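Here are my notes on this model, point by point. Please read them with the structure open.

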Amino acid sequence: MDFGSVLNALILGVSIASIWLIAALGLTIIYGAAGVINMAHGALIMLGAYSSYMLQHYIGVPYLLCIPASFVIVAIIGLVLERGLIQYLYDRPLDTLLATYGVSLVLVQGVRLIFGSDPKYLAVPEIFSSNISLGFANISTFRVVVIAVTALLVLALWILFYKTRFGIQVRAVMQNKEMAASFGINSSRIYMMTFALGAGLAGVAGSLFGVLNIVLPTMGDSYVVQAFLMVVAGGGTLAGTVIASGFTGELQSVFAFITNDTFARFVIFLLIVVFLRFRPQGLFAKGGVRR
Amino acid sequence: MLLSFDKVSSYYGATQILRNVSFDLEQGQCLCVLGRNGVGKTTIMRTIMGLTDRTTGSITMGDEAIANKPPYQRAGYGIGYVPQGRGILADFTVRENILLGTFARKDSAPEIPELCLRIFPYLRENLDRRAGLLSGGQKQQLAIARALAVGPQVLLLDEPTEGIQPNIVHEIGEILRMLNKELGISLILTEQHIKVARKLGDAFLMVDNGRVVARGPIDEMTDELVERHMTI
């Protein structure tokens with residue numbers, strides 16, 4: 001076990017962490033702001049991948065433009081979903097859970113009807129399919145892109161939530177919906193916008209995952225479980241999800257380095273279960289009354 | 001007339017709390033809502049803000065009927081709300097709590113009005129402190145500052161002196177008097193302390209079991225009325 005391969009494992013850990021994190025960002029925002037457990041998150045990730053695929057395959061949009069375009073497309077789908085269904089279910093968590101699960105089934109089957117069950121592929125510019133060497137460490141360029149996009153999104157979200165008037169409104173609604181309303185904040189509109197934002201983030205994740213993996217109607221299923229674990233372990237806050245993903249990614253990479261990837265995942269899931277046994281509220285629990 | 005209730009009833013679920021409540025608040029007036037615990041004083045405030053489940057009857061603010069407006073639109077008519085228990089957002093800084101008030105402003109200026117900080121120097125010096133760390137009296141100051149940030153024509157103050165040290169009670173009383181008499185902001189005030197009510201109030205509204213049992217200028221609030229509806 002030499003220094004170079006340990007360093008390599010740690011750098012790979014950052015990359016794995018960024019994947020855990022970007023999968024969980026949209027879910028964190030929707031759960032954190034509106035308290036909605038969005039079971040359709042995986043399907044929204046999948047739609048992001050198919051949006052990029054369509055834009056690239058039928059219109060020939062360059063891949064880097066497909067990422068923001070997928071954000072917009074899936075955000076609009078999220079907006080329609082929220083206005084058409086979720087907005088009527090905010091005070092009924094179990095119903096939201098079932099309804100969003102139903103939506104995800106419809107979306108997955110719908111995509112399967114249109115595109116079939118055979119895998120699609122997203123093409124990336126030549127430069128992204130090479131590797132970067134940093135001394136001992138070696139990492140594919142595209143994984144660096146994923147890390148960069150994730151870091152940018154986290155920064156943008158932090159600014160949005162902590163430095164803007166919109167952020168004050170969202171955090172006010174999170175803490176006390178009634179007081180927020182008493183001071184002119186339309187919580188229904190805030191929920192709608194955060195849901196669209198969370199969906200859009202799933203779209204970005206999808207357009208990246210479509211390159212890391214193949215594009216399939218069921219591709220969201222595995223990510224949604226990961227994403228939920230990060231949201232729960234993090235306590236439903238942005239900082240919590242960032243830290244939970246960071247730890248999980250590094251641990252997974254280190255365990256995979258020592259043993260193998262399957263065993264690493266097994267250990268990770270086990271550790272999360274043990275962690276939640278002793279800290280069921282997650283890393284950073286929110287205070288305040290939602291409703 | 002600034003704010004009027006005409007035969008307003010208010011409900012939580014199927015439970016009726018207010019029964020045919022009518023009153024008028026004139027521009028610049030200080031109206032004290034009096035009564036025992038649990039008779040509906042807080043519900044009057046919450047009904048003005050639209051926070052009960054259902055209301056019937058008519059509520060007008062200025063010339064506008066507001067009974068059917070959603071809560072988030074009501075503050076925009078110039079109503080600053082200081083709820084019972086103060087409703088301070090604990091995770092917010094002092095600054096963010098005051099800024100919350102500015103969302104209801106017509107000009108939606110994203111600045112803290114100078115007035116809020118001039119009256120409460122403590123808040124000016126602690127703008128970046130987490131509001132959850134403030135004492136009860138400081139939170140009450142913050143709640144009043146936040147309501148003032150709305151740029152209100154009327155302030156609704158629900159038990160503003162509840163659970164506050166006696167010396168601060170006096171200070172808050174003075175500030176409310178100043179807002180009312182010098183700046184001409186109308187006040188609706190629920191109070192347990194008859195003394196505070198007599199000192200600040202121009203008019204009173206005696207509530208018992210969800211109904212208005214007496215109302216009029218404050219000097220018509222006789223000891224006999226207080227005896228009958230406020231002592232236990």
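1. Start with the buried residues of α10(A). They are A:G240, A:T241, A:V242, A:A244, A:S245, A:F247, A:T248, A:G249, A:Q252, A:S253, A:F255 and A:A256. Keep in mind that this is a predicted model. The cover over these buried residues of α10(A) includes α1, α5, α9 and α11 of chain A.

2. Next, the length of the same helix. Helix α10 of chain A runs over residues 238-258, 21 residues in total. At 1.5 Å a residue it should span 30 Å, and its end C-alpha atoms are 30 Å apart, so the two agree.

3. Two of the helices covering α10(A) are α9 and α11 of chain A. How do they lie relative to each other? Helix α9 (residues 220-234) of chain A and helix α11 (residues 261-278) of chain A have axes that come within 10 Å and cross at roughly 30°. Angles under 35 degrees count as roughly parallel, and α9(A) and α11(A) are therefore roughly parallel to each other. Their crossing is left-handed. On α9(A), the contact uses A:L229, A:V232 and A:A233; on α11(A), it uses A:I272, A:F275 and A:L276. By class, that contact has 6 nonpolar residues, no polar and no charged.

4. The cover over α10(A) also includes α1 and α5 of chain A. The axes of helix α1 (residues 3-34) of chain A and helix α5 (residues 141-163) of chain A come within 9 Å and cross at roughly 45°. That angle makes α1(A) oblique to α5(A). The crossing is left-handed. From α1(A), the contact takes A:V14, A:S15, A:S18, A:I19, A:L21, A:I22 and A:L25. From α5(A), it takes A:R143, A:V146, A:I147, A:T150 and A:L153. The contact of α1(A) with α5(A) divides into 8 nonpolar, 3 polar and 1 charged residues.

5. Another helix pair to check is α3 (residues 63-84) and α8 (residues 187-212), both of chain A. They pack at an angle of about 140°, with their axes 6 Å apart. That makes α3(A) oblique to α8(A). The crossing of α3(A) and α8(A) is right-handed. Their contact has 17 nonpolar, 7 polar and 2 charged residues.

6. Now helix α4 of chain A, residues 93-115. Its 23 residues reach 33 Å from the first C-alpha to the last, close to the 33 Å expected at 1.5 Å a residue. Which residues of α4(A) are buried? They are A:T96, A:A99, A:T100, A:S104, A:L107, A:V108 and A:V111. Their cover includes α2 (41-59) of chain A. After α4(A) comes A:G116, with a positive phi near 80°.

7. Last, the contact between the chains. It takes 19 residues from chain B and 16 residues from chain A. On the side of chain B that touches chain A, α2 (71-74) and α3 (94-102) of chain B each supply at least two residues. The largest share of that side, 4 residues, comes from α3(B). By class, the side of chain B that touches chain A has 14 nonpolar, 3 polar and 2 charged residues.

Conventions
Residues numbered from 1 in each chain as written. Chains lettered and ligands numbered in written order. Predicted model: local features only at pLDDT ≥ 70, side-chain atom pairs only at ≥ 80, totals over all residues. Contact = placed C-beta atoms within 7 Å. Nonpolar A, V, L, I, M, F, W, Y, C, P; charged D, E, K, R; others polar. Expected span 1.5 Å × (residues − 1). Buried ≥ 20, exposed ≤ 12 C-beta atoms within 10 Å, placed from the backbone. Axes fitted to C-alpha atoms, helices over the stretch in contact; angles between N-to-C directions. Parallel < 35°, antiparallel > 145°, perpendicular 65-115°, else oblique. Left-handed = near helix turned anticlockwise from the far one by under 90°.
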